[in-house]
Amino acid sequence: MAAFSLGFFSLLLLLLPLSLLAFLAFIVRPRPVKVPIKNRHVFITGGSSGIGLALAQQAASEGSRVSILARNTSKLEEARDAIRLSTGRDVAIFSADVRNYEAVKKAIEDAGPIDVLVCNQGVFVPQELETQDIEEIKFMIDVNLTGTFHLIKAALPGMKNRSGRGPGSIAIMSSQAGQVGIYGYTAYSASKFGLKGLAEALQQEVIGENIHVSLIFPPDTETPGFAEENKRRPRVTSIIAASSGAMKADEVAKIALNGIKSGNFTVPCNFEGFLLSIATAGLSPQRSFLMAFVEVIAAGVLRVTGLCFQWNWYGSIEKCLEKGNSE
Ligand SMILES: NC(=O)C1=CN([C@@H]2O[C@H](COP(=O)(O)OP(=O)(O)OC[C@H]3O[C@@H](n4cnc5c(N)ncnc54)[C@H](OP(=O)(O)O)[C@@H]3O)[C@@H](O)[C@H]2O)C=CC1
Ligand SMILES: CCCCCCCCCCCCCCCC(=O)[C@@H](N)CO
């Protein structure tokens with residue numbers, strides 16, 4: 001009798017997760033998809049520096065036809081030369097400011113129909129809201145958020161008419177500061193959180209066109225932009241950001257491109273990012289039933305983990321306030 005109920009109990013224990021897995025495999029939407037990039041047009045903004053440049057290099061080496069867009073022409077030319085040197089492939093360069101819709105439209109029309117659009121341009125000037133200039137706040141919102149609206153709106157007509165109509169992709173570069181608000185990043189976090197709403201709604205709107213949205217969440221990444229940021233970042237901001245370590249631009253680009261090719265909606269870049277993406281899954285689409293399973297099972301534990309991080313961060317803030325803040 002005892003053996004029977006033990007056997008029955010273990011069977012039940014096994015059946016519960018298995019039936020949850022089967023249920024999730026049945027319901028996850030949108031369905032998993034692969035987005036090929038070989039011989040396809042990949043258009044990368046901010047492709048002249050840092051993560052964007054690493055992405056352009058990676059995509060070119062995998063046989064994509066790459067276009068890059070940024071403001072500064074000489075940096076674009078330098079990037080083109082560097083990519084030619086390392087991959088033997090030519091990339092097209094476009095100089096435009098993403099804040100200027102007409103300029104963005106013209107560049108995208110000149111570039112021709114896009115298969116994979118990577119909205120990676122971004123600016124980050126950390127400071128406490130109380131002392132930050134309103135112009136700097138607007139600058140971050142305009143480049144990071146409004147600029148991304150401009151790009152997608154300008155690219156969509158061409159993407160809908162792309163040749164072959166194979167799976168297309170719109171990838172958006174967020175940040176871990178777009179998953180959790182961080183001291184010193186009121187404007188930056190707001191611009192990156194905004195991208196999440198944009199991405200979730202957009203995925204529903206473009207699924208009928210076989211276009212798949214990816215939202216990428218890097219931690220601190222060694223780039224020219226990050227070196228500049230570090231010169232003025234409040235000490236607390238650096239302490240909190242250190243909870244997730246730092247990555248190299250090449251590593252982030254590799255993971256980002258794999259996420260895009262796998263059609264993943266949420267693309268974390270390191271282990272902390274993986275935890276963060278489960279903790280902030282909310283109602284984001286999830287194509288993988290295995291990841292959906294992990295999200296369901298781990299939700300409670302990760303809420304506790306997240307609260308422990310907050311406990312630690314508020315401790316750091318308190319200490320820094322005692323010592324007298326920034327720098
Ligand atoms: N580095 C990091 O620690 C992290 C970065 N990210 C995000 O990754 C993205 C890339 O960052 P990173 O590689 O560090 O940045 P960099 O500062 O190294 O490069 C930024 C790129 O964006 C371009 N750009 C900036 N403003 C505009 C504009 N108004 N119009 C068109 N292009 C513009 C720049 O060219 P130009 O100036 O010539 O226009 C450059 O090519 C950003 O969205 C950033 O928020 C996310 C997490 C961490
Ligand atoms: C529940 C489990 C939690 C797991 C750990 C969470 C750690 C969060 C750290 C956030 C770091 C944000 C860095 C932003 C970098 C950036 O975008 C700037 N460099 C500007 O580009």
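I began at ligand 2, where a nitrogen atom of the ligand sits 2.9 Å from an N or O atom in the side chain of Glu229. Taken alone, ligand 2 exposes 600 Å², and the protein buries 96% of that. The model is predicted, and I read every entry below with that in mind.

**Ligand 2, continued**

I looked for other polar partners of ligand 2. A polar side-chain atom of Asp220 lies 2.9 Å from a nitrogen atom of the ligand. On the oxygen side, I found an N or O atom in the side chain of Tyr188 at 2.8 Å from an oxygen atom of ligand 2.

I then listed the surroundings. Ligand 2 has 20 residues around it, and the closest are Ser175, Tyr185, Tyr188, Asp220 and Glu229. Sorted by class, this shell holds 12 nonpolar, four polar and four charged residues.

Which helix gives the most to the shell around ligand 2? I noted helix 11, with four residues. Helix 7, helix 10 (271-279) and helix 11 (289-323) each supply at least two residues of that shell.

**Ligand 1**

I moved to ligand 1 and counted 31 residues around it. The closest are Ser48, Ser49, Arg71, Tyr188 and Thr223.

An N or O atom in the side chain of Arg71 is 2.7 Å from an oxygen atom of ligand 1. From the backbone, an N or O atom of Gly46 lies 3.3 Å from an oxygen atom of the ligand, and a polar backbone atom of Gly225 is 3.1 Å from an oxygen atom of ligand 1. The protein buries 95% of the 890 Å² that ligand 1 exposes when taken alone.

By class, I recorded 13 nonpolar, 13 polar and five charged residues in the shell of ligand 1. Helix 2 (50-61), helix 6 (186-206), strand 7 (220-222) and helix 7 (224-230) each supply at least two residues of it. The largest share, three residues, comes from helix 7. Helix 7 also supplies at least two residues of the shell around ligand 2.

Seven strands form it in the order 3-2-1-4-5-6-9, with parallel pairing. Strand 3 (92-95) and strand 9 (266-268) are at the edges and have a single partner strand each, so one side of each has no neighbour in the sheet. I noted a twist that averages 20° from one strand to the next.

I looked at one pair in detail. Strand 5 (residues 168-173) and strand 6 (residues 211-217) run parallel and are joined by six bridges. In this pair, Met173 stands opposite Ile216 of strand 6. Helix 6 packs on the sheet and touches both strand 5 and strand 6, and its direction makes about 165° with that of strand 6. Helix 6 is also one of the elements that each supply at least two residues of the shell around ligand 1.

**Backbone checks**

Where is Pro30 found? I placed Pro30 in the loop between helix 1 (2-27) and strand 1 (41-45). The peptide bond from Arg29 to Pro30 is cis, with omega near -10°.

Arg165 has a positive phi of about 50°, although it is not a glycine. I located Arg165 in the loop between helix 5 (134-160) and strand 5.

Technical notes: Residues numbered from 1 in each chain as written. Chains lettered and ligands numbered in written order. Predicted model: local features only at pLDDT ≥ 70, side-chain atom pairs only at ≥ 80, totals over all residues. Heavy atoms only, no water. Near = heavy atom within 4 Å. Polar contact = N/O pair within 3.5 Å; in protein donor to acceptor, adjacent residues only side chain to side chain. Areas by Shrake-Rupley, 256 points an atom, 1.4 Å probe, with all protein chains shown as cover. Nonpolar A, V, L, I, M, F, W, Y, C, P; charged D, E, K, R; others polar. Pairing = 2+ DSSP bridges. Axes fitted to C-alpha atoms, helices over the stretch in contact; angles between N-to-C directions. Contact = heavy atoms within 4.5 Å.
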